[in-house]
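Please examine the structure shown here before reading the notes on its chains, helices and interfaces.

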Amino acid sequence: MVDIPYQPGRVAAASTRRRRGGLAAMMKRKSMVAFLMALPLIVLIGVLVIYPAFYAVHLATLNKSMQRFVGFDNFLFLFKRDTFWLVVQQSCIFAITAVVFKALLGFIVAHFVHNVPAKGQRKWRGMLLVPWVIPPAMSTLAWLWLFDPSYSAFNYTLGLFGAGPIPWTGDASWARFSVILVNIWYGAPFFMIMYLAALKSVPEQLYEAASIDGANWWQKLWYVTLPMMRNIIAITTLFSLIVTFANFDIVRILTAGGPLDHTHIFATWAFRIGIEGSDIPLGASVSLFMLPILGVAAIFILRDINKRGNES
Amino acid sequence: MASTLTIDKAAPRRNPGYGSMSRDRAWALKWSYFFLTIFAIFSLVPPLYMLITSLKSSQEISAATNPWWVFHPTLGNYIQLLTSNQFLTFFFNSAMVSIFVVTITMLISVPAAFALARMRFWGSATLATGVFLTYLIPDTLLFIPLFKMFATFGDWSGIQLINRWYVLLIIYPTLTVPFCTWIMIGYFASIPKELDEAAIIDGASWFQTLTRIFIPVALPGIIAATIFAFTVSWAQFLYPLVFTTSTDQLVLPVGIITTLIKGDVFNWGQIMTGALLGAAPPLIIYAFLMDYYIAGLTAGATKG
């Protein structure tokens, strides 16, 4: 597979070098080389991820013109605004509902794909993964057009069945439903593919043993499949919770937070205030509210990773 | 236990006592196909509707005919978009940004992953975990401080980075590098230690070990990471929305949304055509390299 040309001169040179430098010097050089190889990564993460994260905290304590330190005033101001509480409520509803449905749908679809004979699986998997492949900004435009109030294809179809036109993005609760629906459409394939990978790693013998012991379909699911998939379910759900909580594209394009700020989530509201309203400190304060949930999810994911690292 | 494991799959069918099992299986298969069809329709409606609308003239779109069918197909929308300078600029910007970001990402993350997977140094384990944690920090948390940082940098140095498409080359790697490094640490760690030990004993330098052994052996992982980096930078919407405003600096998703939607007038035929053309590169890559893409997708959350 890999051919390393035989280089007699090089071997000789290396062996003399090793004799001269000694083991300690080589180890020292090795860690130095390794550090240099990782240096661009360290610089990138330090300058463009860690520093801005802390800088956001600093920004959140400044006044609107960013000249005066105001402590927690931005946060206190937010707590007094009704819109803020709407955003908190909607962010939680949006993230939790979407993740639960994505996980359920992904689990169910993964089982169906797994049931199908191996030959046809590729085709189904390919079709079902398409929503995840299209850039969400592009596919949300298609949804926006499907939801269009006057020419919408959905309302036309509903009209055929005699159901009245639905104000998909015009009415607060329908708009909330719409953004969640689009998020489920976009994110369910990710769960499907993760769960499918997990299902494939469950040894077939376990199911055969269970059938011989007289286990029914439900018992096999509960006592064989779920315990074997537990790790992947946990990590995928936590990961998706972070991504969904921090979602921007779908809400921004579909409703832009409307009607009357009812579908704003932290990211879109922070954009509205910080970039469009040019109140950078207040925008930074809003986006910082995502930190606690990210932190909690990250701790759980990390614990899971370390646990599995110790097992293997 | 051992005796139950040796029964082969065909056994229940031969045994009349288990006759119901194969019937159950056939029944389950039928239902699987039924539900899979429903889910596939649900998945494919928006992209198909993009295609249907893109083939319609604006008269047909505003006519109250069946929206699910094209009665007078026309390529007018495609011709208009593909001959408009604006759209070609967006496409060009997107392509430039994505190609450069993929290159930068690979140049940073392949050596870093190699160093973290094989060559321990002080703090390397912490750094590996840190890389994964950075991957969890979303763009929606960082866009405001980054915007302020680049604005301050522009005031201080006189180098204006905001509203230039190449500012995205600096920012996108924060999204792609942590993930690509993370999955490549996994791939590199799965390569047998004997391979690189042999190479080192034969006198190869660490750099040669990386380029002659690790990169060829871990090529599937590197392809997966490349596809991932490309799709992420092609699809990114928030950063270009924040950092670029002039029409000639926009990338595709932002360009379509800001220039084709004028006020309340939606030119749906062209918007859908633009969206479909914008979705085409990832879809084409995915059609040919689906297995690599899925490998990259699953490696991210399962490895480690």
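This is a predicted model: local features need pLDDT of at least 70, side-chain atom pairs count only at pLDDT 80 or more; totals for chains, interfaces and linings use all residues.

Residues are numbered from 1 along each chain as its sequence is written, chains are lettered from A and ligands numbered from 1 in the order in which they are written, and side-chain values use heavy atoms, with hydrogens and water left out.

**Interface between chains A and B**
- The contact (heavy atoms within 4.5 Å) involves 105 residues of chain A and 108 residues of chain B.
- About 9,600 Å² is buried between chain A and chain B, and carbon and sulfur atoms give 82% of this area; buried area is the accessible area (1.4 Å probe) that two parts lose on being put together, summed over both.
- On the chain A side, M37(A), M138(A) and W145(A) lose the most area to chain B, together 8% of what that side buries.

**Domains of chain A**
- Chain A is divided into domain 1 (1-60) and domain 2 (76-311), with bounds that come from an automatic or database domain assignment.
- Between these domains, 4 residues of domain 1 are in contact with 5 residues of domain 2.
- The area buried between domain 1 and domain 2 of chain A is about 360 Å², with 80% given by carbon and sulfur atoms.
- In domain 1 of chain A, A56(A), L59(A) and A60(A) lose the most area to domain 2, together 84% of what that side buries.

**Helix α7 of chain A**
- Helices (H or I, at least four residues) and strands (E, at least two) are DSSP runs, numbered from the N terminus.
- Because 22 of its 29 residues are buried, α7(A) is largely enclosed by the rest of the structure; buried means under 20% relative accessible area, exposed over 50%, and partly exposed in between (1.4 Å probe, protein chains only).

**Loop residues of chain A**
- L260(A), in the loop between α10 (249-254) and α11 (266-276), has a positive phi near 50 degrees although it is not glycine.
- L260(A) is exposed, with a relative accessible area of 72%.
- S278(A), in the loop between α11 and α12 (280-288), likewise is a residue other than glycine with a positive phi, near 40 degrees.
- P117(A) is found in the loop between α3 (82-115) and α4 (118-133) and is partly exposed at 39% relative accessibility.
- Leaving aside neighbours within four places in sequence, P117(A) is in contact with L29(B) and Y33(B).

**Chain B**
- Chain B contains 16 helices and 2 strands, and buried residues make up 53% of its 304 residues.
- Among contacts in chain B between residues at least 6 apart in sequence, 72% join residues at least 24 apart.
- An unreviewed UniProt entry annotates "transmembrane region" at several spans of chain B, including 90-114 and 273-295; such annotations may be inferred rather than shown by experiment, feature names are shortened, and positions are given in the numbering used here.
- Residues 90-114 of chain B are 100% helix and 0% strand, with end C-alpha atoms 36 Å apart.
- Residues 273-295 of chain B are 100% helix and 0% strand, with end C-alpha atoms 30 Å apart.
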